[in-house]
Number of protein chains: 2
Amino acid sequence: MIDKTIRINYLYDFYQSLLTGKQNNYMRMYYLDDWSLGEIADHFQVSRQAVYDNIRRTEALLEEYEEKLSLFERYQERSGLMKKLRSLIEDGKDREDILRVLQKVENLE
Amino acid sequence: MIDKTIRINYLYDFYQSLLTGKQNNYMRMYYLDDWSLGEIADHFQVSRQAVYDNIRRTEALLEEYEEKLSLFERYQERSGLMKKLRSLIEDGKDREDILRVLQKVENLE
């Protein structure tokens, strides 16, 4: 299991276009720009609790999108296979071995 | 520009998990099982107009998701490159040519 912050960063990367402007602001400031909850609350003149609740709800929403679309999971599978494919080609391995991995990548679509 | 029905079928394939049960029912019956609007209306005991409106709104929603996430567009790009990659490997082309196309696939992630 990867670290929660890293996971949320990935999920945010995949699904940010589905979030509202406010959700995007809070997530960007908190996760990408490393603001504290208190700093975000001060900036928008809302309570720290409101920011906290919004971010927690957005994280849950990102997980819901991942459950439905699996973009991050499929990205991980594909990039693992692509690395394998690249090293087989670079090492000049047999065409059959290369095509076998290529087939696996194609099957992911 | 591909035929609208084919396009909607693809979009439905990518985004159906984001639709409600009712939207899914209507879309599946109309696009996959080839029912007429009237048949769907009779089945659910609603007006033909209600079915029509729901399906049109769902189509617009699918296009909205595609605008935000571009899953279909990226699928098309990736599968074009994967075909090229496969034929270069099958034809035993130079490693450099193969790696150049592989790099393009990797850049799509």
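Predicted model: local features only at pLDDT ≥ 70, side-chain atom pairs only at ≥ 80, totals over all residues.
Chain A has two domains: domain 1 covers residues 4-69, and domain 2 covers residues 73-108. Taken over C-alpha atoms, the centres of these two domains of chain A are 34 Å apart.

Salt bridges come next. Over all chains, a search of the whole structure gives 12 of them. A salt bridge here is a side-chain nitrogen of Lys or Arg within 4 Å of a carboxyl oxygen of Asp or Glu. One of them joins the side chains of A:Asp97 and A:Arg100, with an N to O distance of 3.4 Å. A:Asp97 and A:Arg100 are about one helical turn apart, because they are three residues apart in helix H6 (residues 95-108) of chain A. A:Asp97 has a relative accessibility of 28%, so it counts as partly exposed.

Chain B has a salt bridge between B:Asp97 and B:Arg100, at 3.3 Å from N to O. Both residues belong to helix H6 (residues 95-107) of chain B, and the three residues of spacing make about one turn of the helix. How exposed are the two partners? B:Asp97 is partly exposed, because its relative accessibility is 27%. B:Arg100 has a relative accessible area of 52% and is therefore exposed; the cut-off for exposed is over 50%.

Another pair in chain B is B:Glu59 and B:Arg56, whose closest N and O atoms are 2.9 Å apart in a salt bridge. Why are B:Glu59 and B:Arg56 separated by about one helical turn? The reason is that they are three residues apart in helix H4 (residues 48-69) of chain B. Is B:Glu59 buried or exposed? B:Glu59 counts as buried because its relative accessibility is 5%, and the limit for buried is under 20%. B:Arg56 has a relative accessible area of 29%, so this residue is partly exposed.

A:Glu39 counts as partly exposed because its relative accessibility is 42%.

Definitions and conventions. Residues numbered from 1 in each chain as written. Chains lettered and ligands numbered in written order. Heavy atoms only, no water. Buried < 20%, exposed > 50% of the residue type's maximum accessible area, 1.4 Å probe, protein only. Domains from an automatic or database assignment. Helix = DSSP H or I, 4+ residues; strand = E, 2+ residues; numbered from the N terminus.
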